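Trainee: Hi, I'm new to this one. Could you walk me through a few spots in it?
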Amino acid sequence: MDSYTVRMASAPRHNGKKDRPVEIRVEKLRKAFHGRPVLQGVDLEVRQGDIVAIVGGSGAGKTVLLDHMVGLLTPDAGRVMVADHSRRGAPLVELAKLDAEEFDRVRTHWALVFQKNALLSGTVFQNIALWLREHTKLSSVEIFERAREALDSVGFKGDDSIMNKRRGELSGGMAKRVAVARAIAMRPRIIFYDEPTTGLDPQNAGKIHELICSTHDAAWEAGGTQTTVIITHDKDLLHRLKPRIVMLFEGRVFFDGSYDEFEKSDSEIIRPYFELMPMLHRVPAAQPEGE
Ligand SMILES: Nc1ncnc2c1ncn2[C@@H]1O[C@H](COP(=O)(O)OP(=O)(O)O)[C@@H](O)[C@H]1O
Ligand SMILES: [Mg+2]
């Protein structure tokens, strides 16, 4: 047995606590591409410590929504407010109104694990160290230790060769784990995952499930308020995480509630999607043209 002892979701999830500060607020967000509306008035509030899964059919606009939440896209209408942790009291700021420097500062508190791993060429260590060198005051030794610790926590304990492996030498599952390690090493306030397990075999998917759960819970237990936002069709992951579910349909939030309610729902929109999820999970969504 490797370092992943499968632990079913038993820890309480800390969702929807109204007394926690808002981390992200999406207001009346609209976005169209070439005249075709994708988001048609999305409202969503994520609070510190939340674990939120964004679900919905292929092409429903999940990635487009996430890209707005991290400032990669700007709204046609509506706005995205995020907590600025570099300022006292972490006030909410409107993403689209920040200048480049302010945006860079706000963004240092986020980590993204994208559908395509987006690992840079170079070694695993370089992938983890680059951001730490640029954005922290850690010494080389501390960066090395931070990288080692992050790699250990994603299942590379005792693997001395992993640090020097290059992107091309990693299997899909390994690359995903490295991408998660890179995110963890940043010690972010929020981790965004876009379909972290789509297309992975069940064993590797299981490891990623465990990682997402343990990363969120460890940060919570350490008194932190780490927020997790995840796009997925992976029922096993949802079953395990028991996140708050936000379902997009026809450009709006169609459902916003607990996983248990979602699973039990007899809605004519939710039911067929729920049945389709395993298929969507196996087949990675095609990337939009022009990417
Ligand atoms: N940069 C873009 N240019 C044009 N169309 C886009 C772009 N990004 C996304 N789209 C379109 O928006 C719709 C929603 O895409 P996306 O958010 O990626 O869906 P999903 O819910 O599967 O993540 C799709 O029809 C996609 O083709
Ligand atoms: Mg997507």
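Trainee: Is M174 buried or exposed?

Mentor: M174 counts as buried because it has 20 C-beta neighbours inside 10 Å. Buried takes 20 or more other C-beta atoms within 10 Å, exposed is 12 or fewer, partly exposed is in between, and C-beta atoms are placed from the backbone. This is a predicted model, where local features need pLDDT of at least 70 and side-chain atom pairs count only at pLDDT 80 or more, while totals for chains, interfaces and linings use all residues. Residues are numbered from 1 along each chain as its sequence is written, with chains lettered from A and ligands numbered from 1 in the order in which they are written.

Trainee: Where is M174 placed?

Mentor: M174 is in helix α5, residues 172-185. Helices here are DSSP runs (H or I, at least four residues; strands are E, at least two), numbered from the N terminus.

Trainee: How far is its C-alpha from that of F156?

Mentor: The two C-alpha atoms are separated by 9.3 Å, and the residues are 18 apart along the chain.

Trainee: New topic: which residues of α3 and α5 meet?

Mentor: V124, N127, I128 and L132 in α3 meet V178, A181, R182 and A185 in α5 (contact means C-beta atoms, placed from the backbone, within 7 Å).

Trainee: And which residues of α3 meet α4?

Mentor: On the α3 side they are F125, I128, A129, L132 and R133, which meet I143, R146, A147 and A150 in α4. Helix α3 covers residues 124-135 and α4 covers residues 140-156.

Notes: Axes fitted to C-alpha atoms, helices over the stretch in contact; angles between N-to-C directions. Contact = placed C-beta atoms within 7 Å.
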